[in-house]
Amino acid sequence: GKLVVAKDENELRSLEILHARAGDNGAGATRLLDGIELSMIEETVRGHAALLVEETGVLRTQEYVRSLVREAEALRVEVLVGMEVTAVVPGERDESRGRWEIRVNDDASAGGAAWPAQGFVCETVIDAAGLGADRVARLAGIDTEAHGLTQRFCKGTWLALDERFRKAVGRLVYPAPHVVSDASAPEPARALGAPTSLGIHLTRDLEGFLFAGPDAEWIETPDF
């Protein structure tokens, strides 16, 4: 399961909102705990109150993505890796050509499938390029700044705890959600009035190792 912990009375309201929302969304069994009940089920965790989520899950991200690829390929979707989109050119629609021409660099050293150097044409482009989504949008002629689509990057770092702490907690442990006033955040992010992150929490992988994180560091360009 999972615990979302309020450290004081001021954070209790956010747990009550989460509890109600979980019920509305059919998120499974949840219940509110006071500080004594919290310490009884997790003796190393202290707080004013907590929301207990009876069921939760962890996964191996890479294996999950590979499973999506297998499902897509079973539906005759072609997955091309090791390719950088270099141009997204609008074209005239006719019987022989699609609406967009996509030009790519085929990086064979990255394991990319062979593909014509000129790229390909298609009727529809879905820009799901992750950290490069705004760059791809600009290639298509979209003014990302004017439309509020330019990405501001917030980097989170995780710490792997020593093996002797593997049994420190039996559940995933999160802080209560709250708006973070981060003076280092860019103005568009501050204007949203949203949390910078989920807060530093404890989670584990499928091997049982415990991790703490992520923190939140605003950066100019992705650094990984």
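**Close-up views of a predicted model**

The accessible surface of the chain comes to about 15,100 Å², and 54% of that area belongs to carbon and sulfur atoms. The model is a predicted one, and its secondary structure comprises five helices and twelve strands. Of the 224 residues in the chain, 25% are buried, and among contacts between residues at least 6 apart in sequence, 55% join residues at least 24 apart.

**View 1. The largest nonpolar core.** Ten residues make up this core, namely Leu3, Val5, Leu33, Leu38, Val45, Ala50, Leu52, Val169, Val173 and Leu210. Strand S1 (2-6) and strand S3 (49-53) each contribute at least two of its residues. Apart from this core lies another one of nine residues, including Ala6, Ala49, Leu172 and Ala176. With neighbours within four places in sequence left aside, Val5 is in contact with several residues, among them Leu38, Val45, Ala50 and Val173, and the contacts of Val5 also include Ala49 and Ala176. In soluble globular proteins, nonpolar side chains tend to be buried together.

**View 2. A nonpolar patch on the surface.** Leu59, Tyr64, Val65 and Leu68 together form this patch, with about 380 Å² of accessible area. Val65 is found in helix H3, which covers residues 61-74, and Val65 counts as partly exposed because its relative accessibility is 43%.

**View 3. Asp134 and its surroundings.** Asp134 lies in helix H4 (residues 133-139) and, at 7% relative accessibility, counts as buried. A polar atom of the Asp134 side chain lies 3.0 Å from the backbone nitrogen of Gln151. When residues up to four places away in sequence are not counted, Asp134 touches Thr144, Leu149, Thr150 and Gln151.

View 4. The side chains of Arg13 and Glu16 meet in a salt bridge, with an N to O distance of 3.5 Å. Because these two residues stand three apart in helix H1 (residues 12-24), Arg13 and Glu16 are separated by about one helical turn. Arg13 is exposed, with a relative accessible area of 53%, whereas Glu16, at 33% relative accessibility, counts as partly exposed.

**View 5. Two further salt bridges.** A search of the whole structure finds eleven salt bridges, and one of them joins the side chains of Arg103 and Glu101 at 3.1 Å, N to O. Arg103 counts as partly exposed at 35% relative accessibility, whereas Glu101 counts as buried at 18%. The side chains of Asp162 and Arg164 likewise meet in a salt bridge, at 3.3 Å from N to O; Asp162 is partly exposed at 42% relative accessibility, and Arg164 is exposed at 64%.

Conventions: Residues numbered from 1 in each chain as written. Predicted model: local features only at pLDDT ≥ 70, side-chain atom pairs only at ≥ 80, totals over all residues. Heavy atoms only, no water. Patch = residues over 30% accessible without salt bridge, like charges linked within 9 Å, V, L, I, M, F, W, Y side chains within 5 Å. Areas by Shrake-Rupley, 256 points an atom, 1.4 Å probe, with all protein chains shown as cover. Salt bridge = Lys/Arg side-chain N within 4 Å of Asp/Glu carboxyl O. Helix = DSSP H or I, 4+ residues; strand = E, 2+ residues; numbered from the N terminus. Buried < 20%, exposed > 50% of the residue type's maximum accessible area, 1.4 Å probe, protein only. Core = buried A, V, L, I, M, F, W, Y, C linked by side-chain atoms within 4.5 Å. Contact = heavy atoms within 4.5 Å. Polar contact = N/O pair within 3.5 Å; in protein donor to acceptor, adjacent residues only side chain to side chain.
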